[in-house]
Amino acid sequence: MLVHLGGSRGKMGILLIRRVGLFCRSAHLSPQSLEYRPIKKVMVANRGEIAIRVFRACTELGIRTVAIYSEQDTGQMHRQKADEAYLIGRGLHPVAAYLHIPDIIKVAKENNVDAIHPGYGFLSERADFAQACAEAGVRFIGPSPEVVRKMGDKVEARALAIQAGVPVVSGTDAPISSLQEAHEFAKTHDFPIIFKAAYGGGGRGMRVVRDYEELEENYQRAYSEALAAFGNGALFVEKFIEKPRHIEVQILGDKYGNVIHLYERDCSIQRRHQKVVEIAPAAQLDSRLRDRLTSDAVNLAKQVGYENAGTVEFLVDKHGKHYFIEVNSRLQVEHTVTEEITDVDLVHAQLRVCEGRSLPELGLEQDKIQINGCAIQCRVTTEDPSRGFQPDTGRIEVFRSGEGMGIRLDSASAFPGAIISPHYDSLLVKVIASGKDLPSAATKMHRALTEFRVRGVKTNIPFLQNVLSNSQFLYATVDTQFIDENQELFNLKPTQNRAQKLLHYLGHIMVNGPMTPIPVKAKSSSVDPVVLSVSLGEPPMGFREVLLKEGPEGFARAIRQHQGLLLMDTTFRDAHQSLLATRVRTHDLKKIAPFVSHNFNNLFSLENWGGATFDVAMRFLWECPWKRLQELRALIPNVPFQMLLRGANAVGYTNYPDNAVFKFCEVAKENGMDIFRVFDSLNYIPNMLLGMEAAGAAGGVVEAAISYTGDVSDPMRQKYSLEYYLKLANELVKAGTHILAIKDMAGLLKPEASRLLIGALRDRFPDIPIHVHTHDTAGAGVAAMLACAQAGADIVDVAVDSMAGMTSQPSMGAIVACTRGSKLDTGVSLDRVFDYSEYWEVARGLYAPFDCTATMKSGNADVYENEIPGGQYTNLHFQAHSMGLGNKFKEVKKAYTEANKLLGDLIKVTPSSKIVGDLAQFMVQNSLSRADVEERADELSFPLSVVEFLQGHIGIPHGGFPEPFRSKVLKSLPRIEGRPGTSLPPMDFEALESGLRAAYGDEITPEDVMSAAMYPKVFQEFKEFTSNFGPVDCLNTRLFLDGPKIAEEFQVELERGKTLHIKALALGDLNKSGQREVFFELNGQLRSVLVKDTAAMKEMHFHPKALKDVRGQVGAPMPGKVVEVKVKPGQKVEKGQPLCVLSAMKMETVVNSPISGIISKVHVNADSSLEGDDLILEITE
């Protein structure tokens, strides 16, 4: 019995039919109804969401369902949604399996299938398939084979349209058989023209051609695409209409000659001739034009005896004239929006019409079809809009959909764990939103898309959100050029994906171990330091307020006039650089920062930035150094910050253009830096002056630092005499330094030398504040700093007790205690120092793998002989042990002394200290004495740092370069005279920023630009890391280094109010791709990530990847299959020349040459299957 239930929308409702032998007809009685034959079992000759859509309709009508699937689709959802599922096309290409008619018919016959629904795409418009069904006695849910043939042949359909009086675009009368015919058509009708597949649609086999140069390539691509998608490469040619609207009319016919329309859809928003967003009804469509479109569609359908569902497609030009394009003799992808505005279930209707029902019997009469509201469909695809909508493939790790009132989802492969392959269409899910009008439907759609979370593959969701927010889309009309003419649609807001990226990082640690190099095999402590509490409210005022109010000059005067000894705390930088390999993370600095702000407000400054911490933050801690500065500034607003600036080298190890140093200081000052300690590793005045000028121009306090070496108290050592230092100081004071510093990197200042040097400087410069920095390697640091203070130093550097001593700075507690009650009293609370030290004592345990005490148990007074700087002493000790030379560290130190002499007795501060260290290790590894090196200097292959030093890359050392050693090493190599940076052209920051935005998007900041300017390669690696692994700075240090234990539960605060609850569950076995699946529970839900096992990967062969920073390496822009290789080794190519053709998801992409050059090697063949970024070929410029 047929029951028509009235619905709230459109008064059509849902058709329900009781499947019985007898039935009555409420409105339409016809003798033809005796042909009614119920369908008991339906096969869908398709896959994905359309198969599931049909299965659901069948289930609602009590019809049993059968799925077919290819070998590649064993894990797809559509086969699980059917009552029965059968494999087809064994051994065939993934697409060919669904085109294999004999297999499909065989499965249908063997399993008593009554009818086959073709879905869309594949065989849906193949007359031979409809005919094969008929011959096998299986009903085809669609038009008759003859009608499918007529409508599928675009040329014949065009002729029928002309007969029906429907306007058409100029085109060929039959499919063309050669490129020459396309030439002739272009000559007659002029460009632009368009190739179209004669036996299929959906944008496949469709190419616009605008001139003769493009003709052949586009002909070949269109033919190849059509052949791959439809099994027939036949093409026809039409005149291309510029900027039309693409309007299509939904029609429905029965076996008795009844045809109705269900109004129109606007499908103008397209890319590459494929629809992206569809709307029903078409916005702002003139009612008279609507009538003409629907009337022409119905008339054409009646003329050919159209049965079942179909679509008549039109182009509407800017003058409102419409032209017939084609008839799609099948259900369309976008049929959903028509269903939403008419309340007609099109698949129900298809099935009932196939059974023999008439449209009037089904209550489907034209006067009853009404438009109610508006519906929008967005096709969420696994494509990357920022890369020309290139398909993305892989495993969906997370899928969460948007739902709620007015939202419908039609999907198939959208679930966690689903594999998106390159073999099929990139459609992930169809989202349909309904509302009273277009803006309200768009609002619901935007909200639903915002709720989506898809991780593991890229999607076009950010692009769709931009479309939905576009005012032209919402309030005007759009045409097929809408996307091309609105490039702001590609200003995509990047997805954060923080949680999944963190799971990837933790999984990587669990599988492969720490991602930062570990010097010694030691585990982080499992105990976190107790965060010390502070009082509510603002911290007490400190010297920074003086600086902000009085400026650098007033600040310097206040420091000089201060009674008592001032301290600079190095715990936040140099102390951990010396003891813990610069590995202390912002995470642990931030925890103690409020305590320091509230209890150590009378410090001269905190040294917390610059020097090695800048690149190490990115290189090993995966942090942004600028973010560290910004966050610490917010937590410690009252104490001045001090950084280390390597003169003309800024925070790098090389020379930079002058404007780069100036710009760096400017940006550092803007981010909260106050005092710039400017030094040069050779005390080379021209380099120092540049750094001083840059810091001063930025508005910072300039602290010119003289690097100390030798022993001014030893009359036998006169190269670096007291007079030498006084002369240097005089030049720096003349240059305008606000503060004068002595930088004793190796801890060579003995108490007597301290009194001599500082006393002489105080006498010479009574109004300049003097600041002294040393290391406690020999154990005499406290005594030396007290001697400096007594001789007139205003400030000395210290580290909190648990981070002091050995190669670090002298103990803060010791200096505070020793000066208490004297005229040098620091005013610092000793009790607060103890609390501060307790925090760092526990925190230091977190960094056990980097702690110098793992290999070095005490300081050593032999530093007075070898003069190794504190931080380098630690590093060399680690390196010696890692190279198996731990028992030969004494020899390394001796070689360091000899290397220093070979190089002319240098001041040893980064980078000069590294040069001496490189030469020392070179000597030890090659068992060379100083005499051996001098004798064989013209034949040895020296470390690059040594050669560049001798060339003059870091400046000119005091006393000049060592001869004849220099000449023997350099031979004919060029030499740099004067300050190295003077010969460098200014850095183009606009070009640099533009390049970074092109590579990483518009989120690039001025700070990022400076990081890339200082360390281009390190910054690139840092950005690559963060794109894969996310914000690891929110992990505690043990998790960051060692990862979680199985069954461990922990929390991660992403930001205020957003906390992740994570539990590590299990580690999977190795798969054939060299990966392990790591399982977590995240906020109560199961999550998993696939992690490459780097150890296992070394034993497995994989296609090489293109290196992004090598211009001549051409990688696959997307996963896919190589269709054609157009070049061979030794061939010359020009920039933009086609190199090869890739096919993915039935679309073909031409890979063009990024540069001009010679093909040196080709890594692929036709039919090669590639993943994204797989190396295709190499070009030598």
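Predicted model: local features only at pLDDT ≥ 70, side-chain atom pairs only at ≥ 80, totals over all residues.
Local features need pLDDT of at least 70 and side-chain atom pairs count only at pLDDT 80 or more, while totals for chains, interfaces and linings use all residues. Residues are numbered from 1 along each chain as its sequence is written, and side-chain values use heavy atoms, without hydrogens and water.

Colleague: Which strands stand at the edges of the open sheet of 4 strands?

Modeller: Strands are DSSP runs of E of at least two residues, helices runs of H or I of at least four, both numbered from the N terminus; two strands pair if DSSP finds at least two bridges between them. The sheet has the order β37-β44-β42-β39, with antiparallel pairing. Each edge strand has a single partner, so one side of it is left without a neighbour in the sheet; these strands are β37 (1113–1115) and β39 (1132–1133).

Colleague: Which residue in β44 stands opposite lysine 1161?

Modeller: Strand β42 (residues 1157–1162) runs antiparallel to β44 (residues 1175–1180), and 4 bridges join the two. The residue opposite lysine 1161 is glutamate 1178.

Colleague: How are the rings of tyrosine 839 and tryptophan 840 arranged?

Modeller: Rings of Phe, Tyr and Trp (its six-membered ring) pair if their centres lie within 6.5 Å; planes under 30 degrees apart count as stacked, over 60 as edge-to-face and the rest as tilted. Here the centres are 5.4 Å apart and the planes stand at 90°, so the arrangement is edge-to-face.

Colleague: What is the relative accessibility of tryptophan 840?

Modeller: Buried means under 20% relative accessible area, exposed over 50%, partly exposed in between (1.4 Å probe, protein chains only). Tyrosine 839 is buried, at 2%. Tryptophan 840 also counts as buried, and its value is 0%.
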